Amino acid sequence: MNTYLMRFGEFEMPYNPESISVNKSANKGTSDDEYTIIVGRGKLFGSDCGKLATEMDSLIRDGRANVLCVPELGSFWAKLIKLDYTISIAPDIIEYSFEFKKQNNVENGRADVYYVTEDENLWHFCERTGYDLTQITLANQGNLKSYMLHAGDKVFLRKCTPQEDTE
């Protein structure tokens, strides 16, 4: 069972969304022939819900892809493409809905930090994303204690570059 919270880059949702679904689609005749959209909705609670909504707004204004960590789906590169709010009658509650588009190419937007999901290790991460194991290890000296990672661990990518596919 995944116990970590949904996160996009450095922003961690204080509560996991109430619903999340994955939709695969196709654009015939474009360079982005197949794409995946992650759709969800949830609520922000408490006296700081307005501040959290403002932080979420800054993510969509930023427009960059980052690592999206979703319980039960894992971590992958994505871009926040839609964020809507519903005005709630109850005080200190803001309902929201979102759409993320999964990015198939890491170079579409590099994150500075990757958040590990359950059952991952550095070899798996590097194989999946194209980062070099030596670069990752050197960039994380003192941060990572071994090649085995735990859900929620941070892997710093700032000094690393994805490797070109040589096939």
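**Entry 1: the chain as a whole**

I recorded at once that the model is a predicted one. I then turned to burial and found that 37% of the 167 residues count as buried.

I next looked up the secondary structure, which comprises 3 helices and 9 strands. Along the sequence I read the pattern β-β-β-β-α-β-β-β-β-α-α-β. I also examined the contacts between residues at least 6 apart in sequence, and 62% of these join residues at least 24 apart.

**Entry 2: confidence**

I consulted the pLDDT values before going further. The mean for the chain is 78, and 81% of the residues reach 70 or more. I noted that confidence is highest in strand 7, at 92, and lowest in strand 8 (residues 113–115), at a mean of 73. Over residues 105–110, I saw that pLDDT stays under 50. For this stretch the model has 17 contacts beyond four places in sequence.

I followed strand 5 (residues 66–70) into strand 6 (residues 74–86) and found that the two run antiparallel, joined by 5 bridges.

I then moved on to strand 7 (residues 93–102), which runs antiparallel to strand 6 and is joined to it by 8 bridges. Here I looked up Leu83 and found its bridge partner in strand 7 to be Phe98. The hairpin of strand 6 and strand 7 has 6 residues between the strands. In that hairpin I recorded Asp92, whose phi is positive and near 60 degrees.

**Entry 3: Thr36**

Thr36 lies in strand 4, which covers residues 34–45. Is Thr36 buried or exposed? I found a relative accessibility of 10% for Thr36. The cut-off for buried is under 20%, so Thr36 counts as buried.

Which residues does Thr36 touch, not counting those up to four places away in sequence? I listed Val22, Asn23 and Lys24, together with Phe100, Lys101 and Lys102.

Notes
Residues numbered from 1 in each chain as written. Predicted model: local features only at pLDDT ≥ 70, side-chain atom pairs only at ≥ 80, totals over all residues. Heavy atoms only, no water. Helix = DSSP H or I, 4+ residues; strand = E, 2+ residues; numbered from the N terminus. Buried < 20%, exposed > 50% of the residue type's maximum accessible area, 1.4 Å probe, protein only. Contact = heavy atoms within 4.5 Å. Pairing = 2+ DSSP bridges. pLDDT = per-residue confidence, 0-100.
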